[in-house]
Structures are given as structure tokens and as C-alpha cells.
Protein chains: 2
Amino acid sequence: MINYPNKKTSAAHLGIRDNYMGRGMSLEDDLNKSNTYYLECERAVIHKKPIPIQIVRVDYPTRSSAKIVEAYYKTPSTTDYNGIYRGRAIDFEAKETKSKSSFPLKNIHPHQIQHLERVLKHGGIGFVIIRFTCYDETYLVDASYMIEQYYTQTRKSIPYDEIKQHASLIKQGLTPRLRYLDNVDALYFKEVSCK
Amino acid sequence: MINYPNKKTSAAHLGIRDNYMGRGMSLEDDLNKSNTYYLECERAVIHKKPIPIQIVRVDYPTRSSAKIVEAYYKTPSTTDYNGIYRGRAIDFEAKETKSKSSFPLKNIHPHQIQHLERVLKHGGIGFVIIRFTCYDETYLVDASYMIEQYYTQTRKSIPYDEIKQHASLIKQGLTPRLRYLDNVDALYFKEVSCK
């Protein structure tokens, strides 16, 4: 989960370390801005899903307004992002880690792995975007690799070096912040636009 | 919006009128059950998106738990349902109306119409599911027809008779409650499984 109120973001931390140009924002923020850019230039229609919440109590201070006064976060049953790109269904999860050495697999819920399996089975494009905040590097990891690691890994994490080797580094810039559709082109449409 | 806490559902109303067999539930409930069925029998992977909420204040009664104590409903910027079916991206909105004579276009937000336009443009399958609760009839209305009506209609609603003529009636049953993928087969994959 990115930026849930009970998780600290790493923005402040990065701000101290890096001389960043528009970087150092949370991964969620970067992806939202990139998706808005892709939407506006009509390249893709990809949105972040709202955070799933269990609403328990709602007050009505006035007839027309509703104020939620008791609600709780629910465990997501799907990934956070989905949409359509070049006629294909796209579905992905995004996670950032402060670890320098590996991506902890506990960051991904079992439901999300199961969901990605279904996405692949039904003909969609699925992946996980992983940011190593310490290196300010963001990778696109194909869902089939992630699923395989999830089920077979005896370690509880995927080493950074292995991700570097198996995943595709996403170029970062100002607009869009994360050019991840170039990686999608290269990986799933066999093009070389991101090379 | 279906089943928002500030909207009354028509279930109670229908319960008085109808001798229904598993019908009369809210459209949202019927669709969720149908989607779960389709998911479990591996026919499609379609989910309802969580309701978009603006979270303002969160309390932490204990270190590990978070309780949302102030939040508000946001206007949705996309449709409520999406997923993948037979390799295609599927995206739709669902609405029910108590009107006997027409479907009021104000039930659909301008963002949702714009979103459906984008879905079509990028190669997805888009539609609106409309239930006339008085007749207990549920229709699948193709997005392009709905978009056309939205922009050209001088009336502020689409008459029931016109929907009957242009849309596809969804068969209702116990499992799944709404066999809407049969309509999708017939309309978008040129099959006759729902006829």
C-alpha cells in the first residue's frame, strides 16, 4: 500500500539525500501524474482505483451532504491500477521499498498475486512497478516473474540484483514522471521505444 | 450511484410488490454476486471499484489500527465496474431507476460519459447497465448509443420504449443473478448465446 495514512512516505527522507529534479515524490504521486499525462495526450486510459474502505457510520449534517464518521481500511482484493492501452487491458500494482538489498514479498498481498494470475489468464497485461527509494530507481516487473517468485522463493524477498537483472528500468523525467508505457511497448508489444 | 448511504434502495419497495425469486436485490448486489460467480468459474475477471472517498482525518486508537473519522464521498471520475473478458478490457457503469417511463440522463456523471468515450477510443468494450426497478428489467446499453443520447438528446432522459428497442435485455436467474456476459458475447463477439 502506498501512502496509506498509517505508513510514512519516504519523500522527506529522500529530500534530504537527493538533489532531485521533481523526483523524490511518492511513487503513487508520480504514477498518478504520469497517468494524467497519458490520459490527456490520449495514449492510454489508466486510473488508480480508490482505496477500499469499509464504511460503518455516516452523518448527515444537512439534507444533501453526507459525512463519513467511522470507516476502516480494507485489504485490497485487486491491484491498485488498471485501464486500457493499445486495445489491451492493463493491470498493475505499485510498491516502494526503502530496502537497499531486496524487495520484501510481504509487500504484496496474496489476493493481489491471485488477481495478477487471473489478469494473465484472461489475456491482460499484468506487472508490478517497484521503486527502490534509496537508489531512486523504478522497475517494471512482469507479473509472471513476480508470481513465480512469490510461489517458489524460499527467501522472503527478491534480491535487488535479481530485480535489476529480470525487470525493466523505467525512465524518469518531468512529464511524464515515469515513462512506463515505453517499457510496456518494449515488453508486451515487442518494440524498442524505451531503449 | 448505487446504494450510497444517502440514497434509498428500492428493495423494500419491490419486496412489497413482487413475489420475487432472489430478485429485487439492489442492482449493485446482483452485479457483485454475478461477478463473483464469473470469477470463480473463470469466465471473466470483473470487479466493482471501491467508492471514491476523500479522507480528511484518521485516528489511531492503537499503533497498528487506523480509524477514519472524517471523510466525504467524491464524485467518481470513472465508471464503477471494469475488468477483462475474453482478452478484452471491459468497462461499465450500472444504474437503477424507479421511473416507469424513462431513464434520467442526470443519473450519469459527465466524467463517466467522457470515460466511456475513452474506453471505446482505446479499444475497450463499454456499456451501461440500466435497471428499471418497477418492471424488474435490466438492460445492457452499448456505450456508443448512451454517449450519442447524452450529447444529442434534447430531452433530459431516454424513454423506456427506446431503451427497450436499442438495448439488450439481460436474463436474470439465481446463479448468476444477471447473465450479462451472454449479452456481451452476442453484442461484441457476434455470438447468439443469449438469444
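Predicted model: local features only at pLDDT ≥ 70, side-chain atom pairs only at ≥ 80, totals over all residues.
**Arrangement of the two chains**

Chain A is superposed on chain B by a rotation of 180° with 0.0 Å of shift along its axis, and the RMSD is 0.0 Å. The two copies are thus related as by a two-fold rotation axis. Both copies use the same surface for the contact, since 100% of the contact residues of chain A recur in chain B.

In the interface, 38 residues of chain A are in contact with 38 residues of chain B. The area buried between chain A and chain B is about 3,400 Å², and carbon and sulfur atoms give 65% of that area. Of the area that chain A buries against chain B, 19% is supplied by A:Ile68, A:Ile84 and A:His122, which is more than any other three residues supply.

**Chain A**

The secondary structure of chain A comes to six helices and 10 strands. Chain A has 195 residues, and buried residues make up 52% of them. Among the contacts in chain A between residues at least 6 apart in sequence, 64% join residues at least 24 apart.

Six strands of chain A form an open sheet with mixed pairing, in the order β1-β4-β5-β7-β8-β10. At its edges stand β1 (45–48) and β10 (168–169) of chain A; each has a single partner strand, so one side of each is left without a neighbour in the sheet. For β10(A), a partner is strand β8 (residues 137–142) of chain A, and the two pair in the antiparallel sense over two bridges. Within this pair of strands, A:Tyr139 stands opposite A:Leu169. Helix α3 (residues 110–121) of chain A lies across β5 (88–97) and β7 (125–132) of chain A, and runs at about 140° to β7(A).

A:Val58 belongs to strand β2 (residues 53–59) of chain A. With a relative accessibility of 16%, A:Val58 counts as buried, because the cut-off is under 20%. From A:Val58 to A:Tyr135 there are 77 residues in sequence and 43 Å in space, C-alpha to C-alpha.

**The sheet of chain B**

In chain B, six strands form an open sheet in the order β1-β4-β5-β7-β8-β10, again with mixed pairing. The edge strands of chain B are β1 (45–48) and β10 (168–169), and each pairs on one side only.

| Strand pair | Sense | Bridges | Bridge partners |
|---|---|---|---|
| β5(B) and β7(B) | parallel | eight bridges | B:Glu96 and B:Arg131 |
| β8(B) and β10(B) | antiparallel | two bridges | B:Tyr139 and B:Leu169 |

Strands of a sheet pair through backbone hydrogen bonds, either parallel or antiparallel. The strands β4(B) and β5(B) form a hairpin with two residues between them. In the turn of that hairpin, B:Arg86 has a positive phi of about 50°. Of the 10 residues of β5(B), eight are buried, so this strand is largely enclosed by the rest of the structure.

Helix α3 (residues 110–121) of chain B lies across β5 (88–97) and β7 (125–132) of chain B, at about 140° to β7(B). Helix α4 (residues 143–152) of chain B packs on the sheet and touches β7 and β8 of chain B. The direction of α4 makes about 85° with that of β8(B).

**B:Ser102**

B:Ser102 is placed in strand β6 (residues 102–104) of chain B. Its relative accessibility is 14%, so B:Ser102 counts as buried. Leaving aside residues up to four places away in sequence, B:Ser102 touches B:Thr97, B:Phe132, B:Ser157, B:Ile158, B:Pro159 and B:Tyr160. With B:Ser157, one of these residues, the side chain of B:Ser102 makes a polar contact of 3.2 Å to the side chain.

Notes:
Residues numbered from 1 in each chain as written. Chains lettered and ligands numbered in written order. Heavy atoms only, no water. Least-squares fit on C-alpha atoms with pLDDT ≥ 70 in both. Contact = heavy atoms within 4.5 Å. Helix = DSSP H or I, 4+ residues; strand = E, 2+ residues; numbered from the N terminus. Buried < 20%, exposed > 50% of the residue type's maximum accessible area, 1.4 Å probe, protein only. Polar contact = N/O pair within 3.5 Å; in protein donor to acceptor, adjacent residues only side chain to side chain. Pairing = 2+ DSSP bridges. Axes fitted to C-alpha atoms, helices over the stretch in contact; angles between N-to-C directions. Buried area = accessible area lost by both parts, 1.4 Å probe.
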